[in-house]
Amino acid sequence: MPRKMQMEVSILLFFFALPLVLAQLQDGFYKSTCPTAESVVQEVVQDEFSRDRSLPAALLRMHFHDCFVRGCDASILIDSTNETSSEKDAGPNQTVRGFELIDKAKKSLEATCPSTVSCADIITLATRDAVVLAGGPNYTVPTGRRDGLVSNPGDVSLPGPGLSVSDALKFFTAKRMTLNEMVTLLGAHTVGVSHCFFFDNRLSNFKGSGAPDPSMDRTLVAKLNTTCARNSSATVFLDQNTSFTFDNEFYKQIILKKGILTIDQELALDKSTTSIVSGFASNGTGFQQDFAKAMVKMGSIQVLVGKAGNIRKNCRVFN
């Protein structure tokens, strides 16, 4: 078969296979094998959230970083060893947190339903539950994911905070996510935080100009300079208004030039996304509905189902 034809066939097979994967994820997958699976995860999340209201941001970031590398297979949870590095060693994952919560949920599930509930499903369920506790949408999570057998730091390639809309979109389209879904998922920054070193280039001498980024509100520049001057590793809220509430305030803030990260502010400036941002800023219910749909779709990226992968007994190590 000619090479061009082989490539076309491979592409067709890829797109035809995706609906089959989605079909194998099921609502209530553990109904018969572990009926309490979702309630166990929910209880663990509620307990942790009562002590740490920043938990939704942590789990949303973990879930995104997991799904956008090798698919939603919990490869981000694997610990490195003296002999082998894992995804946790990659630069973008150095500040990912929330692993202890996943461990706690897995320990409870193993006591109740040994070798049944995947770590990949625990991440997905826990993220949904944390979003709900922060005031976000309560959506049904299809389950049935299996855990991956590979965790390689060299595989980690994620969109950075300093990208333009067009460059960020390339990462999303590679995972079959649309422009609208990208803008929707970035709305998770409504409960997000960032270290100063991810955006301090915007606070002074922006692109060698000797001045701050002109697209950032001057009052916000002064406030952030005060915070970041003390410690470049300090963290700030990406939504400076309702920081712990999952709402549409993020979009309202970036319209007012109060986006912290470059990519956040670019959403309000780029012609391809301004109307989407305006729409979400004026329609909080619409944002939450679209966010739920986008999360379900993201949670199905390159999942392992059936006999692929396995069910880890400990989320941090391969069986």
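Q: Experimental or predicted, and how are residues numbered?

A: This is a predicted model, where local features need pLDDT of at least 70, side-chain atom pairs count only at pLDDT 80 or more, and totals for chains, interfaces and linings use all residues. Residues are numbered from 1 along each chain as its sequence is written, and side-chain values use heavy atoms, with hydrogens and water left out.

Q: Back to Lys 207. What is its phi near?

A: The phi of Lys 207 is near 55°, a positive value in a residue other than glycine. Most residues other than glycine have a negative phi.

Q: Is Lys 207 buried or exposed?

A: Lys 207 counts as exposed, at 76% relative accessibility. The cut-offs: buried is under 20% relative accessible area, exposed is over 50%, and partly exposed is in between (1.4 Å probe, protein chains only).

Q: What about Phe 206: buried or exposed?

A: Phe 206 lies in the loop between β1 and α8. Phe 206 has 14% relative accessibility, so it counts as buried.

Q: Which residues does Phe 206 touch?

A: Leaving out residues up to four places away in sequence, Phe 206 touches Asn 201, Ala 211, Pro 212, Asp 213 and Pro 214. Contact means heavy atoms within 4.5 Å.

Q: Which phi value does Gln 302 have?

A: Gln 302 has a positive phi of about 45°, although it is not a glycine. Gln 302 lies in the segment after α12. At 39% relative accessibility, Gln 302 counts as partly exposed.

Q: Zooming out. How many helices and strands in the protein chain?

A: The protein chain has 12 helices and 2 strands. Along the sequence, the pattern reads α-α-α-α-α-α-α-β-α-β-α-α-α-α. The radius of gyration of the protein chain is 20 Å, close to the 20 Å from the globule rule for 319 residues, so the chain is as compact as a globular protein of that length. That radius is taken over C-alpha atoms, and the rule is 2.2 Å times the number of residues to the power 0.38.

Q: What box do the C-alpha atoms fill?

A: Roughly 60 × 60 × 45 Å, taken along the principal axes. Of the 319 residues, 49% count as buried. Among contacts between residues at least 6 apart in sequence, 75% join residues at least 24 apart.

Q: Charges next. How far apart are the mean positions of the positive and negative ones?

A: The mean positions of the 33 positive and 32 negative charges are 2 Å apart. Lys and Arg count as positive and Asp and Glu as negative, with His and the chain ends not counted. Each charge is placed at NZ of Lys, CZ of Arg, CG of Asp or CD of Glu.

Q: Now the helices. Why call α7 largely enclosed?

A: Because 6 of the 8 residues of α7 (residues 179-186) are buried, the helix is largely enclosed by the rest of the structure. The buried residues are Glu 181, Met 182, Val 183, Thr 184, Leu 185 and Leu 186.

Q: Which helices do those pack against?

A: The buried residues of α7 pack against α6 (165-173), α9 (249-255), α10 (262-269), α11 (274-282) and α12 (284-298). Phe 280 is in helix α11, and its contacts include Val 183 and Thr 184. Phe 280 counts as buried, at 6% relative accessibility.

Q: Which residues touch the most other members of the largest nonpolar core?

A: Leu 77 and Ile 102, among 87 residues in that core. Such a core is a set of buried Ala, Val, Leu, Ile, Met, Phe, Trp, Tyr and Cys residues joined through side-chain atoms within 4.5 Å. Leu 77 touches residues including Met 62, Phe 99, Ile 102 and Cys 119.

Q: Last one, Arg 145. Buried or exposed?

A: Buried, with a relative accessible area of 2%. Arg 145 is in the loop between α5 (119-133) and α6. Among the residues that Arg 145 touches are Tyr 30, Asp 121, Thr 124 and Ile 311. The C-alpha atoms of Arg 145 and Thr 124 are separated by 9.5 Å, with the two residues 21 apart along the chain.

Definitions and conventions:
Helices (H or I, at least four residues) and strands (E, at least two) are DSSP runs, numbered from the N terminus.
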